[in-house]
Structures are given as C-alpha cells and as structure tokens.
Amino acid sequence: MADKDHSLTLSATGLTRKYGNNVAVSDVSLALSKGEIIGLLGPNGAGKSTTMKMITGNLAPTEGSIKVCGIDLIDDPIVAKTKIGYLPEIPPVYKELRVNEYLKLVAKLHKVNSKRLVSAMDIAKERTGLTEMSQRLIGSLSKGFQQRVGIAQAIIHEPEVVILDEPTVGLDPNQIIEIRSLIKELGEDHSVILSTHILPEVEAICDSVQILHKGKVVFDDDIGGLRKFRSGKSIQASFRAPPTKKALEDKLTNAKISLVREGVYRISGLKLEDDPTDAIVQHSVQERWGLFELVGAQASVEEVFVELTTQDV
Amino acid sequence: MIIVIALKELRSMFASPLAWVVLAFVQGFLANVFLKQVDTFMIIQAQLARTPNAPGLTELAIVPMFGAAQMVLLMSIPLLTMRLISEEKRNQTMALLVSAPVSMTQIIVGKFTAMVAFLCLILALIATMSFSLLAGGAIDLGLIAANLLGLLLLGMAFSSIGIFISCLTVHPVVAAVMTLAVFMGFWVIGLAASDPGSWLNWVSISKRFEGFLDGYVSLPDVTFFVVVIALFIFLSIRKLDSERLSA
C-alpha cells in the first residue's frame with residue numbers, strides 16, 4: 001500500500017447507531033484511502049449492513065461523523081453522495097425495466113454528464129459482463145446477472161468510494177470468481193468497502209479487514225495480520241492406526257485434541273513456541289500409529305469469531 | 001432530477017397493465033355517462049327550447065360527466081398511488097434513490113409530477129369528449145375550463161394524500177385500501193354537510209369541488225386545494241426523512 005496515494009477518500013469516526021435502547025453499531029471507525037479495499041467481516045446481525053447504510057446516507061448515525069473526500073455526509077449529503085456507489089444486500093433493481101433503461105436512469109440520477117452517458121453505460125456493462133444483456137428485462141435475468149446489474153449500478157458514475165454489501169451472495173462459484181476479480185480491479189482506482197461473512201473472500205481480495213461482532217469492532221488489521229492470527233493455531237493429523245484420544249492427550253500435554261473423523265485428529269490450542277509437529281512424528285514412529293498426513297490447518301471463520309468474541313473486548 | 005424520477009415512474013406505470021386498465025375503466029365509464037346525458041338532452045331539447053333561462057348542453061351533458069369523474073378518481077387514484085413509495089420500500093429500491101445525490105423532496109415531487117402527468121392524460125380524454133360536442137352545437141368553454149381546473153385540483157389533492165399513505169406502509173394493497181377509506185371518509189363528510197352553514201362544508205373536498213362544477217373558480221376553493229396538496233407532500237417528505245433518522 002505504500003506506493004499508493006494516501007489521500008483519504010472516506011473517513012468515518014465513532015459511528016454509533018441505536019434503535020431505541022438497542023445498540024446496533026457502537027463506535028465503529030473506518031478510514032479508507034484511494035486504491036484500498038477494506039473487508040467488513042462478521043456473523044449475521046453483527047452490524048455490517050447498518051454500518052454501510054450509515055456510510056451511504058441511508059441511515060442517520062446516532063453519533064459520529066462521516067466524510068467522503070473531505071465532504072461531510074451529514075452537512076452536505078447531495079455533494080457527498082455523488083462520490084459514493086452503493087450496492088445494498090438486495091440489488092435495488094426495477095424488474096420492469098430493461099438493463100439499458102435502468103442503467104440510463106441510474107446514470108442520470110447520479111448526474112452523469114449527458115455527453116458521457118453512453119460511454120459510461122458501455123463501460124459499466126463491459127466491466128460487469130452485461131453487454132449481451134442490454135435489451136433484456138431485469139426481471140427475466142438470473143440472480144447472478146441481477147447482482148451484476150446491481151454492481152454496474154454502483155460503479156456507473158465512477159465514484160471514489162464503492163460500497164458493496166455481500167456482493168457474492170447467491171452466485172455460483174464461477175460467478176464468484178468473476179465478481180472477485182472485478183472487485184480487485186475496482187480496487188485499483190477506487191476505494192472499496194466490502195462486507196461478507198466469508199473469511200477466505202476477505203483474504204483473497206482485501207487489503208485490510210475489520211471484524212465486527214455485536215456492533216463492535218473486535219479486530220482491525222491489514223490482511224497479513226489476519227493471516228498470522230489465523231495460522232499456527234491448529235494442526236490436523238491423519239493416522240492409519242490411530243491412537244485413542246486419551247493416548248494422544250497423554251503424549252501432547254497442554255494441547256486440545258478433537259476427533260475430526262475416523263483416524264483424523266485436530267490438535268489445537270497451541271502456542272507458536274511449542275510447535276508439536278516433531279513430537280507427533282516421533283510418537284507416531286515409536287507407537288506405530290501410521291501417520292500419513294500432517295496439515296497446518298488454518299482457523300476457520302467460526303474459530304476466529306469464537307476466539308475474538310470470547311476475548312475481553 | 002424531478003423530471004428523471006417522474007419519467008421513470010410513468011414508464012413503470014405503463015409497463016404494468018394497471019395504468020392501461022385504469023385508463024380504459026375511466027374512459028369506458030365516463031363515455032357511458034356522457035352518451036347517456038347527451039341522449040337525455042336530445043329527448044328534452046324541445047321542452048328546453050320553450051323554457052326561458054334553461055340549462056344548456058354544457059350543463060346537462062358535460063357537467064354531470066365531471067361529477068361522475070369525481071367518483072372515478074376517488075376509486076382509481078388509490079390504485080395508482082398505492083405502489084409509488086411502498087413498492088420502492090418493499091423491493092428495497094428506495095436505497096437506490098436515497099444513495100443517489102437526490103433529495104427526499106425531489107423524490108416525492110418527482111413521483112407527484114408523474115401522477116399529475118397521468119391525471120392530465122385522463123383530463124385530456126375527458127376534454128376530448130367534451131369538445132366533440134362542438135361539432136353539433138355551442139358549448140360553454142368557460143364552464144368546461146372551470147370544471148377541468150377543478151378536476152385537476154381534486155386529482156392532485158387525492159394524489160398527494162395517496163402518496164403520503166403509500167409512505168406509511170410497505171404493502172401496496174394496504175396503501176390502496178387505506179387511501180380508499182380516507183377518500184370515502186371525505187365523501188361521507190360531503191354527504192353529511194347538507195347544511196350550507198355547517199363547518200363540514202369547509203373541510204369537505206367534494207363540496208369544494210362542487211363549486212367548480214357550477215363554474216365558480218373561487219380563491220378560497222383554489223387555496224384549499226393548494227394547501228391540501230402542499231400539506232401532504234410536505235408530510236410525505238417528512239415521513240421519508242424520519243425513516244432515515246429513526247427506523
């Protein structure tokens with residue numbers, strides 16, 4: 001990121017949103033510079049969508065301020081909104097319109113210069129692979145294509161900040177790969193905020209990550225930090241003549257052992273300094289357990305969530 | 001920006017069969033009333049010729065049609081306004097408008113403009129029918145103008161009320177039923193206000209409209225309609241704004 005322009009395109013500080021006494025989002029801060037992709041990660045109901053709605057002006061924050069390219073979203077919403085492209089959880093498409101009609105409407109709503117209108121539409125369609133679908137009714141398109149129309153809608157006015165709420169939900173694996181590479185491409189000259197509950201997705205495309213839980217930020221680091229956090233936590237070992245769980249526990253003190261399936265154990269709760277790999281191999285040879293596979297498993301999303309949320313936050 | 005939203009709304013209206021059905025219903029019903037009135041006029045024409053100061057063709061054939069048009073608008077406007085806001089909320093497309101650099105005022109006024117355009121279409125159909133009588137006789141153009149203005153104001157007032165009610169719910173059908181109930185309420189007030197001195201006259205939309213039917217364009221009546229229109233547009237804007245703040 002060091003070689004990228006560091007001018008902030010979006011800065012949100014101390015965002016809090018309350019519904020009555022229920023706090024949906026509490027003290028979330030985001031800072032985004034040009035060419036950066038931030039992933040908002042969290043289980044359902046963590047406050048990802050609420051945060052995004054606040055940043056896009058769909059919901060007024062109870063506390064906190066939002067600045068888009070230095071323009072205050074609350075004081076000057078009309079100017080600030082020209083710099084934001086937003087794809088909500090459900091793509092906001094009018095099913096009775098054709099793709100072309102819809103994109104033209106969106107471009108006009110976002111005040112795209114009428115001279116640039118056609119080229120802006122063409123670029124947006126090309127980037128999202130919709131060129132062939134120009135004349136189709138949106139209602140007749142599949143979920144994946146409707147999602148693309150939603151993305152096209154968010155980028156047609158070349159906004160500085162693109163905000164995508166779960167952009168890959170409901171897509172098939174091929175489409176997911178396409179959309180991910182599209183987001184990476186967008187990240188080169190826009191700032192992107194992405195929400196998801198899929199951890200590998202964040203690792204694949206984001207530069208940094210914030211994990212939300214119950215409306216609070218529980219993890220805020222760049223992607224390297226997340227990898228470090230996840231790895232070295234557990235090992236998965238497969239045996240041909242597996243020992244009993246008890247036997248394994250006797251040999252490997254202060255490790256947590258769980259049976260994954262017949263002959264496969266997951267050894268977790270380890271610290272980096274006492275790496276048990278050597279010990280496992282040694283014991284296996286001595287006791288003829290027939291070790292044939294030893295994988296350094298990464299912590300799953302659930303484990304990361306559990307670990308982060310059981311820490312004293 | 002208002003025009004962009006209004007054009008989109010008209011496009012959506014005519015993309016569904018609803019707008020066409022409403023137009024067909026309005027035209028079919030009013031044409032029936034109109035022909036019936038013209039027919040009656042033909043029958044009693046001889047008698048009228050002998051009566052001094054008798055009502056003319058306009059009063060006997062055209063004005064009753066405008067009177068019937070009031071009921072037609074009362075029934076069809078809820079169907080047209082029901083989806084304007086509620087459907088945007090239901091399909092989550094409201095986020096598109098709210099995230100765009102467009103103010104709430106522009107959204108509501110844009111939708112209202114689309115309704116006015118649709119009303120003008122209905123008025124054009126009615127005016128065409130009225131003017132067709134020019135082929136066979138003289139009609140009172142001033143009276144027709146007053147009637148058209150009255151019907152337009154009535155339709156605009158109904159539309160703004162309908163849009164406001166559409167802001168209150170996410171179910172178009174609920175909005176339609178509520179709007180119809182409110183209009184019926186106004187109509188009942190009109191019926192109850194038989195005593196010309198009663199305050200009910202003052203708030204009755206239909207009594208206000210009757211003035212226009214008689215050809216009186218009075219400032220209080222026009223002001224009444226303008227205030228109703230402005231009030232409900234303002235309330236709609238406030239409702240959408242408050243959703244952003246509290247919902």
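Which residue of β7(A) stands opposite A:Y86? In this predicted model, A:Y86 faces A:I163 in β7(A).

β6(A) and strand β7 (residues 161-165) of chain A run parallel, and four bridges join them. Both belong to an open sheet of six strands, and reading across the sheet gives the order β6-β7-β8-β3-β9-β10 (chain A). The pairing in this sheet is mixed. Strands of a sheet pair through backbone hydrogen bonds, either parallel or antiparallel. At the edges stand β6 (84-87) and β10 (216-222) of chain A; each has a single partner strand, so one side of each is left without a neighbour in the sheet. On average, neighbouring strands here are turned by 15° against each other, if direction is ignored.

Helices pack on this sheet too. Helix α5 (residues 143-155) of chain A lies across β6 and β7 of chain A, and its direction is at about 165° to β6(A). Helix α6 (residues 173-189) of chain A touches β3 (37-41), β7 and β8 (191-196) of chain A. The direction of α6 makes about 145° with that of β8(A).

Chain A has another open sheet, this one of four strands. Its order is β2-β1-β4-β5 (chain A), and the pairing is antiparallel. The edge positions go to β2 (22-33) and β5 (71-72) of chain A; each of them has a single partner strand, so one side of each is left without a neighbour in the sheet. The hairpin of β4(A) and β5(A) has two residues between the strands, and A:C69 takes a positive phi near 50° in it. A helix goes with this sheet as well: helix α1 (residues 48-55) of chain A lies across β1 (8-19), β2 and β4 of chain A, running at about 120° to β1(A).

Zooming out, chain A is split into domain 1 (8-222) and domain 2 (232-297). The centres of these two domains of chain A, taken over C-alpha atoms, are 44 Å apart.

Now for chain B, and how its helices pack. Two packed helices are described by the angle between their axes and the distance between the axes. Helix α3 (residues 57-90) of chain B packs with helix α7 (residues 172-192) of chain B at an angle of about 140°, and their axes are 8 Å apart. α3(B) and α7(B) are therefore oblique to each other. The crossing of α3(B) past α7(B) is right-handed. On the α3(B) side, the residues that meet α7(B) include B:L74, B:P78, B:L79 and B:M82, while those on the α7(B) side include B:V173, B:L180, B:F183 and B:W187. Sorted by class, the contact of α3(B) with α7(B) holds 11 nonpolar, three polar and two charged residues.

α3(B) also packs with helix α5 (residues 104-131) of chain B. The axes of this pair come within 11 Å and cross at roughly 155°, and α3(B) and α5(B) are therefore roughly antiparallel to each other. The crossing of α3(B) and α5(B) is right-handed. The contact is built from B:I62, B:M65, B:A69, B:L80, B:T81 and B:L84 of α3(B), together with B:K111, B:M115, B:F118, B:I126 and B:S130 of α5(B). Eight nonpolar, two polar and one charged residues make up the contact of α3(B) with α5(B).

Finally, how do the chains meet? Chain B puts 17 residues into the contact, and chain A puts in 22 residues. On the side of chain B that touches chain A, the elements giving two or more residues are α1 (2-15), α4 (94-99) and α10 (219-246) of chain B. By class, the residues on that side of chain B are nine nonpolar, six polar and two charged.

Methods: Residues numbered from 1 in each chain as written. Chains lettered and ligands numbered in written order. Predicted model: local features only at pLDDT ≥ 70, side-chain atom pairs only at ≥ 80, totals over all residues. Contact = placed C-beta atoms within 7 Å. Nonpolar A, V, L, I, M, F, W, Y, C, P; charged D, E, K, R; others polar. Axes fitted to C-alpha atoms, helices over the stretch in contact; angles between N-to-C directions. Parallel < 35°, antiparallel > 145°, perpendicular 65-115°, else oblique. Left-handed = near helix turned anticlockwise from the far one by under 90°. Domains from an automatic or database assignment. Pairing = 2+ DSSP bridges.
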